[in-house]
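The sequence and the structure come first.

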Amino acid sequence: APGKCPECRDPSIRHSGTGTERVEDVVQKLFPKAAVKRMDADAMTRRDAYRETLNAFRTGKIDILVGTQMIAKGHNFPHLTLVGILNADMGLKLPDFRAAEHTFQLLTQVAGRAGRAENVGTVILQTYSPEHHAIRSALDQNFIQFSDTEIPFRESVAYPPFYALALFRSDAKTPDEARTLLIDLKKKLEAFPDLRILGPLPAPIFRMQDRFHMQLLVRAAQRSHLSAALHQVDILSLKGISLDRDPIHFG
């Protein structure tokens with residue numbers, strides 16, 4: 001993220017968000033007569049709490065359910081008529097070329113919870129990126145519209161389905177050691193002209209349990225070219241490096 005706004009140069013850019021507990025408190029104050037329940041990992045500590053909460057909401061014992069993504073998918077609430085989504089664009093800021101796809105999927109799913117029976121549903125969505133194609137397409141529930149924008153973008157930046165990927169991860173006691181492991185690997189891979197190599201770069205979670213994590217992303221227009229290069233480099237002999245073919249995420 002930039003240190004200053006690229007438009008007005010204001011240095012106030014910061015990471016922010018509102019936790020579910022805070023949202024629950026505000027909602028309860030706004031609707032003091034409503035039965036409000038929070039559903040997240042902290043609140044669902046008992047084995048049966050998840051099922052009991054969903055059943056209570058489904059049968060009308062809970063009026064307003066506040067939660068994380070765990071309440072967005074796969075549930076059928078016949079009497080649910082209003083869905084509110086906070087920070088709808090948060091997923092767009094992740095360092096993952098599938099960020100728009102995941103955001104579109106999630107918003108489409110959670111919006112689909114409202115108005116599933118005879119009642120008309122309403123979705124209120126809060127975002128800082130109202131013109132983003134993932135947001136617009138989700139609001140319109142338009143899969144073709146999203147695909148028509150997303151697919152040319154994927155092709156222009158050489159990502160799947162047009163390129164095959166291999167993600168190498170290293171971890172070590174120091175950043176330099178983790179980086180050196182991937183630099184040595186990169187030198188070997190640079191002998192193959194059909195590959196496009198990005199990195200080494202710090203992983204999204206750079207430090208974890210006193211270990212430092214780096215990544216090296218390798219792309220190829222032909223899957224066979226990537227497979228041949230990985231075979232000749234003898235990746236099984238690499239120490240301190242793991243390989244993720246066709247990575248689902250970059251965390």
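Which residues of helix α4 (residues 133-140) are buried? They are His133, Ala134, Ile135, Ser137 and Ala138, where buried means under 20% relative accessible area, exposed over 50% and partly exposed in between (1.4 Å probe, protein chains only). Helices (H or I, at least four residues) and strands (E, at least two) are DSSP runs, numbered from the N terminus.

The model is predicted, so local features need pLDDT of at least 70 and side-chain atom pairs count only at pLDDT 80 or more, while totals for chains, interfaces and linings use all residues. Residues are numbered from 1 along each chain as its sequence is written, and side-chain values use heavy atoms, with hydrogens and water left out.

The buried residues of α4 pack against α3 (99-111), β4 (122-125) and α5 (143-156). After α4 comes glutamine 141, which has a positive phi near 55°.

Glutamate 150 belongs to helix α5. Its relative accessible area is 3%, and therefore glutamate 150 is buried. Its side chain is joined to that of histidine 133 by a polar contact of 2.8 Å; such a contact is a pair of N or O atoms within 3.5 Å, and within protein one must be able to donate a hydrogen and the other to accept it, with residues adjacent in sequence counting only if both atoms are side-chain atoms. Not counting residues up to four places away in sequence, glutamate 150 touches Phe97, Ala100 and His133, contact being heavy atoms within 4.5 Å.

Strand β7 (residues 211-220) is mostly covered, with nine of its 10 residues buried. Two strands pair if DSSP finds at least two bridges between them.

| Strand | Bridges to β7 | Direction | A facing pair |
|---|---|---|---|
| β5 (residues 164-172) | nine bridges | antiparallel | alanine 166 and valine 218 |
| β6 (residues 195-208) | eight bridges | antiparallel | arginine 196 and arginine 219 |

The hairpin of β6 and β7 has two residues between the strands, and glutamine 209 there takes a positive phi near 55°.

**Arginine 245**

Arginine 245 lies in strand β8 (residues 241-245). Because its relative accessibility is 29%, arginine 245 counts as partly exposed. Leaving out residues up to four places away in sequence, arginine 245 touches Leu165, Ala166, Arg223, Leu226, Ser227 and Leu230. Aspartate 42 is 203 residues from arginine 245 in sequence and 34 Å from it in space, C-alpha to C-alpha.
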